[in-house]
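Look at the sequence and the structure before reading on.

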Amino acid sequence: MRSILDAARERPGGDARVSVEARSFPDAVSATEADGRVPIIAEVKPTSPTTDGVREDDPVELAQEMVAGGATALSVLTEPEHFGGSTESLSRIREAVDVPVLRKDFILREEQLDAVESDLVLLIARFVGDDLEPLVAAARDRGFQPLVEVHTREELTAALAAGADIVGINNRDLGKLEVDLGTVETLAPEVPDDVLLVAESGIHTPADVRRMREAGADALLVGTAIMDGNVRQNTRRLTTST
Ligand SMILES: O=C(O)c1ccccc1NCC(=O)[C@H](O)[C@H](O)COP(=O)(O)O
């Protein structure tokens with residue numbers, strides 16, 4: 001994790017402050033529910049520290065296949081050194097689809113919000129510490145919908161205190177890189193009803209989807225299980241697992 005954070009500290013911000021007209025994620029979740037599908041955020045994740053190899057396909061084609069498979073939103077890695085992502089891929093994807101797009105990166109400073117436009121932006125409570133509340137405000141000032149990611153009870157408390165209304169509970173411990181779906185089951189009861197809850201990481205099968213939904217997740221963020229093989233079929237298998 002240290003090398004990911006070292007690289008993140010060195011990454012510059014944008015040239016100018018961005019102003020985004022975001023596609024509403026809560027509205028997209030409601031529309032998916034009304035359509036009888038499971039709200040899935042499908043992740044364009046070319047590689048990662050816990051994945052073998054790199055997926056070299058055009059990220060725009062992958063994204064379009066995910067939407068064709070019923071994805072409610074997309075998550076696009078923009079971290080270049082460990083995840084094979086780029087801000088350019090995100091911009092191209094956002095132009096090519098009409099669903100909300102989450103920028104998945106390790107944002108540590110306000111000016112890094114200005115690197116690229118997206119609909120949602122990830123803020124990881126573990127890494128931003130006391131800067132969480134000002135970063136949530138800075139993201140909203142630019143029009144982004146902040147998705148605040150937590151893994152522990154303390155981080156969840158901090159996220160709610162910072163005013164987060166979209167919270168992701170990550171089943172992956174970013175220190176040990178171990179995944180336990182019990183994380184969402186343990187913390188979800190402490191998430192207020194008016195906060196949109198996203199279950200993240202380690203979701204592979206329709207049974208995992210049902211488990212996370214029964215725990216209270218409004219939406220699920222899935223990377224590896226969708227990127228491994230035919231992304232349209234993989235997405236469809238999860239969005240239809242009611
Ligand atoms: O995925 C990794 O290997 C990873 C390693 C170190 C820090 C973060 C990492 N992943 C970030 C994520 O949150 C996941 O990409 C996302 O939740 C999807 O997880 P999965 O469905 O298990 O690929």
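The notes below cover the annotated domain, the ligand's place and its contacts.

This is a predicted model. The ligand takes up the space of the largest pocket. Around the ligand stand 20 residues.

**Annotated domain**
- An unreviewed UniProt entry places the feature "domain: Indole-3-glycerol phosphate synthase" at residues 8-238.

**Residues around the ligand**
- The closest residues are Glu43, Lys45, Thr50, Ser201 and Thr224.
- By type, the shell holds eight nonpolar, seven polar and five charged residues.

**Contacts with ligand oxygen atoms**
- In the side chain of Thr50, an N or O atom is 2.4 Å from an oxygen atom of the ligand.
- Gly223 uses its backbone: an N or O atom there lies 2.8 Å from a ligand oxygen atom.
- For Asn170, a side-chain N or O atom is 3.4 Å from an oxygen atom of the ligand.

**Burial**
- Taken alone, the ligand exposes 500 Å².
- The protein buries 98% of that area.

Technical notes: Residues are numbered from 1 along each chain as its sequence is written. This is a predicted model: local features need pLDDT of at least 70, side-chain atom pairs count only at pLDDT 80 or more; totals for chains, interfaces and linings use all residues. Side-chain values use heavy atoms; hydrogens and water are left out. UniProt positions are given in the numbering used here, feature names are shortened, and annotations may be inferred rather than shown by experiment. A residue is near a molecule or strand if one of its heavy atoms lies within 4 Å of it. A polar contact is a pair of N or O atoms within 3.5 Å; within protein, one must be able to donate a hydrogen and the other to accept it, and residues adjacent in sequence count only if both atoms are side-chain atoms. Accessible areas come from the Shrake-Rupley method with a 1.4 Å probe; for residues, only the protein chains shown count as cover. On a 1 Å grid over the protein atoms alone, a cavity is a set of points where a 1.4 Å probe fits but cannot get out, and a pocket is an open set with protein on both sides within 12 Å along at least five of seven lines; lining residues have an atom within 4 Å of a point. A molecule sits in a cavity or pocket if more than half of its atoms lie within 2 Å of its grid points. Ala, Val, Leu, Ile, Met, Phe, Trp, Tyr, Cys and Pro count as nonpolar, Asp, Glu, Lys and Arg as charged, and the others, Gly among them, as polar.
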